[in-house]
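Dear colleague,

Please find the structure below. My notes on it follow.

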Amino acid sequence: MSTNLRVKSSEFIDETIRISFKFNGKTYQGFKGDTLASALLANNIHLVGRSFKYHRPRGIMTAGSEEPNAIVQLNDKTNRTEPNVRATEVEIYEGLEASSQNCWPNVNFDIGGINNAISAFLPAGFYYKTFMWPASFWEKYEYFIRQSAGLGKSPSDNDPDIYDHRNIHCDVLVVGAGISGILAAKNAAKNNLKTLLVDEKNELGGATIYQNSEFNKIDNQSSSNWIKKEIQELKNIKNLEIKTRTSVAAFHGYNYLLARENLTDHLEKKNKQGKIRQRLLKIRAKKVILATGALERPLIFNNNDRPGIMLSSAVKKYADFYGVISGKKNVFFTNNDSAYESVLCLHNKGIKVEAIIDIRENSDSKIVKAVKDAGITIHWSHTIVDTKGYKKLSSISAMKLSNDGLSVTGKNINISCDCLGVTGGWTPAVHLFTQSGGKLVFDENNKVFLPNEYPSEQLSVGSCNGDFKIKEIINNLSINLKQFLKIKKTDFDDITVESEEENSKRNIWLLPSDKPIGKTKPFVDYQNDATAKDIKLALREGFRSIEHVKRYTTTGMGTDQGKLGNMHALGIIADTAGVKMGELGTTTFRPPYTPLTFGTIVGRNVGEYFDIFRRTPMNDWHIENKAKFENVGQWKRAWYYPINDENMHKAVQRESLAARESAGILDASTLGKIDIQGSDASEFLNRVYTNAWSKLGIGKCRYGLMLNEDGMVYDDGVTTRLGENHYIMTTTTGGAANVLGKLEDYLQTEWPELDVYLTSVTDHYATASICGPNSKKILNKIIPDLDLSEENFPHMSFKNAQIGNIKCRLMRISFTGEHSYEINVQANYGKAIWEKCMEAGKEFNITPYGTETMHLLRAEKGFIIVGQDTDGTMTPIDLQMNWIVSKKKYDFIGKRSLYRSDTMKEERKQLVGLLTDDPNIVLEEGAQIVSELNQSPVNMLGHVTSSYYSPNLKKSIALAVVRSGKNMMGKKLFIPMVDKNINVTVANPIFFDTENKRLNA
Amino acid sequence: MFIINCPYCGERDQQEFKAGGEAHIERPKQPTELSDDEWAGYLFMRKNIKGVQFERWNHAHGCRKWFNMVRDTSNDEIKLIYKMGEKPPSE
Ligand SMILES: [Zn+2]
């Protein structure tokens, strides 16, 4: 089997450099320049994988990114493994290891192949129909389906490679470096336009570069020689950047495109280390030229999927470009002239072509004549009705087609062969065009969809625009380019081009067989095993829209998005339903054009760079003191400070006791701070908070509640009047940015007459909050010359002070119910002030506490946390905070909504306290609350929003929202859990120090 | 991803902006005078049309200014941008 199937040395393959690689554990040899597919074919390996549903043996079908079958997993025994890679795109390197996917135990003997034998029982929608019932069995079915499906294996550890993103701005982006792309890019750049040319392959020149045909001549030379000269010239053009191995994945609105640039995948392992593997290019182009070419179509006939059946153009590319023959006995099957180019290519290399099966009645083009002259048998008006060979094609049988193309007649012609080149014509690659929002039109003559309406500054040129012959490509390109780029001339306006003009074609979407459709397997989607029979079944079952048929049959839903067979699916649907092509919709191609790695998408945003995070100025101290952290918005906040092996519960209980018994200290720097200035600042606060602000004295603080216009609580915090026209507002940690945005919105759009200026100063200040009965003594040690008496510095007031040389803003405000001070200093002094507080508090056992203890302490006092005890459906009335809603003010944001019939309902959920009958049971936050246990259906009254074990009260406490809760004081309710029912009693949400005596203690 | 011409900063990427819903819905000057239905109309009812729509946008990660945009929601074409307080074009 180790026959080397190289025909001749190719200029694109370096035969002096041998490369060994492994496929399914066995070592093979290839040459530098080979793809995995070409190297496998050179080693006479066609069978590469198994199909998804029937597990049928499948081989290499194409030579490009549209490959549906030859999908492999790459691995090098590290985490560097990648599934679903097209063997036709993998450039081999020393040490490459690849294996087949979707087969078990191996590609030659696969247990799932039994699905093929019972395929009559696996029609379209089989999984939907069979596994949907009973619903409770889904988990078991899913296990079975996943086992037998297997679309490769994902790596189990972190990706070791480096990925990157790059933004590119250019005047002109040219996608595709075939003949049209090269000419377009060259002329754009020469006209002083900053141009980027990208191509998914490693070589420029597209198909033209190896198209050594005597029928295509430019300037009296072969088109391949001519293009090589053009490519040579590109290198000297300023303004032109060229990127190969770069595949455009997505084309969005406003000419925003995403492309993946492959940098190291083709390199040996040792040369990959430390380098960027793939880069996501984010391209903003003033103009886009799509030169994406065309994809050859297969023909849809019975058993058209065996290994050895390939696209005609692929057979040619393997021979011309890689110097590899795909079979020793070749047959071609065609409906147009392009197969004849492949036939001549093989013939001229001395490779045997057994016969051509052509569904047309005849053709007199020059190229067909040349094939006739070579003495190769052509069976006109014939179609292939069946093929044989399980793991490799062994023969085909053909019959004469009826005039209407719907049936076959006459005798079977059997031809033994090991390679069948198939062509059904060419499909313009309009994927990117449609992604950008472009509208297509169906060209009845050529049976292709073509770009019709451009949604942005873009142009499709060459065969993706329906120009297939070199002459029409160059003529149309010259005209369109001048108009699109607004240039006077191109440098190929006057060149002479000779190419074949003949373009005859006989289009039959589904070719008949001598067997009825039910007994045949004409595959339309190779990767997903959807046959013409499945599509017809879907239509019979009432599906009409192409999008529905697609989902029901899974046609076009594989990793290749059905690049080969989508047109046939549309054609079969149109024929069967008796409508015009495209009338039931065309399929939408979605990004990415070819699969992207997750690494490319995330780029550098992995690990600690996954998301932005913010640290307070005291962060290092928290780390040194072994704090555990929690994420609050983007902030990393100290959660609790365990001593030795304390768990969270123990640490929080200790911290909570200390804060009330002596002194505690909290890093409150994360609270949002907005500086408000202007002669209308007081009026502005009046309008945004529910309570009154005009009479707040200078140097005083007030708690405020902010609503949405729908009356629901939005944010809260303390605002301090620093001067006549100067306030500092605090917001919740998570709400800061949104509050600022909302206030700006009202100022700019509803109340532009107000003289108010808002500035975010959250990051400018560090805040340490000291609380507890000894807080006053500690502050006195730090600022001895400040009078801390009740008369001079009462609760809810403000002082400017100085700690050493550091200016600070002091507020006597409390979120714990204890006598407390908030010290605000310029952020860079935060850690110094914190350490000073710790030093001064040492004799009082000052205890740093984190967010968890803060939550517990405020819950003891029944203070809400917006976002925990509220969820966007709670009004201040629901929170039993009527005291903060001004009755006198004419208007404030959300006021009118408080008087809507719905917000005034008595049976709304209201905030209450809950006490468990057993003081040691701590409720689960989120637990449901009911009044009857044996009800069906059970009536849910509400849920627990905050719950803690209070060390100061030595019992469990909870806050909850309960329907009509404010009228339920003292009522017994139940909390049903999986293993028990918990008895609770509705209580006052203020559990501790109900008279607020400790504030002034 | 649009390119938006902020009336204060010039052309910037859409990433810098925040959409703010339908434009020219003025907050009632005397909300207390409104019936529940009238207030609900202001609060909740939005056109959400396919086609030419008047919208509010904010240059959130830039100058923080709000402005108005006329956009065709069917193809995302931005037809016009004008400042807050300016009158919408009649057609
Ligand atoms: Zn701006």
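**The interface between chain A and chain B**

The contact (heavy atoms within 4.5 Å) draws on 29 residues of chain A and 28 residues of chain B. On the chain A side, Y254(A), Y890(A) and R896(A) lose the most area to chain B, together 31% of what that side buries. The two chains bury about 2,300 Å² between them, with 46% of it on carbon and sulfur atoms; buried area is the accessible area (1.4 Å probe) that two parts lose on being put together, summed over both.

This is a predicted model, in which local features need pLDDT of at least 70 and side-chain atom pairs count only at pLDDT 80 or more, while totals for chains, interfaces and linings use all residues. Residues are numbered from 1 along each chain as its sequence is written, chains are lettered from A and ligands numbered from 1 in the order in which they are written, and side-chain values use heavy atoms, with hydrogens and water left out.

Six salt bridges (a side-chain nitrogen of Lys or Arg within 4 Å of a carboxyl oxygen of Asp or Glu) are found across the interface of chain A and chain B. One of them pairs R896(A) with D36(B), with the closest N and O atoms 2.9 Å apart. Helix α20 (residues 736-750) of chain A gives the most to the side that touches chain B, with nine residues; helices are DSSP runs (H or I, at least four residues) and strands likewise (E, at least two), numbered from the N terminus.

**Confidence**

The predictor gives the complex an ipTM of 0.97 and a pTM of 0.89. Chain B averages a pLDDT (the predictor's confidence in each residue, from 0 to 100) of 94, and 99% of its residues score at least 70.

**Domains of chain A**

Chain A is divided into domain 1 (14-117), domain 2 (162-294 + 428-490), domain 3 (666-849) and domain 4 (894-1000). These bounds come from an automatic or database domain assignment. The C-alpha centres of domain 2 and domain 4 of chain A lie 66 Å apart.

**Backbone points to check**

Most residues other than glycine have a negative phi, and most peptide bonds are trans. The bond from P591(A) to P592(A) is cis, with omega near -5 degrees, and P592(A) sits in the loop between α15 (566-577) and α16 (598-602) of chain A. A cis peptide bond also joins S936(A) and P937(A), with omega about -5 degrees; P937(A) is in the loop between β46 (928-930) and β47 (940-950) of chain A. D219(A), which is not glycine, has a positive phi near 50 degrees.

Regards
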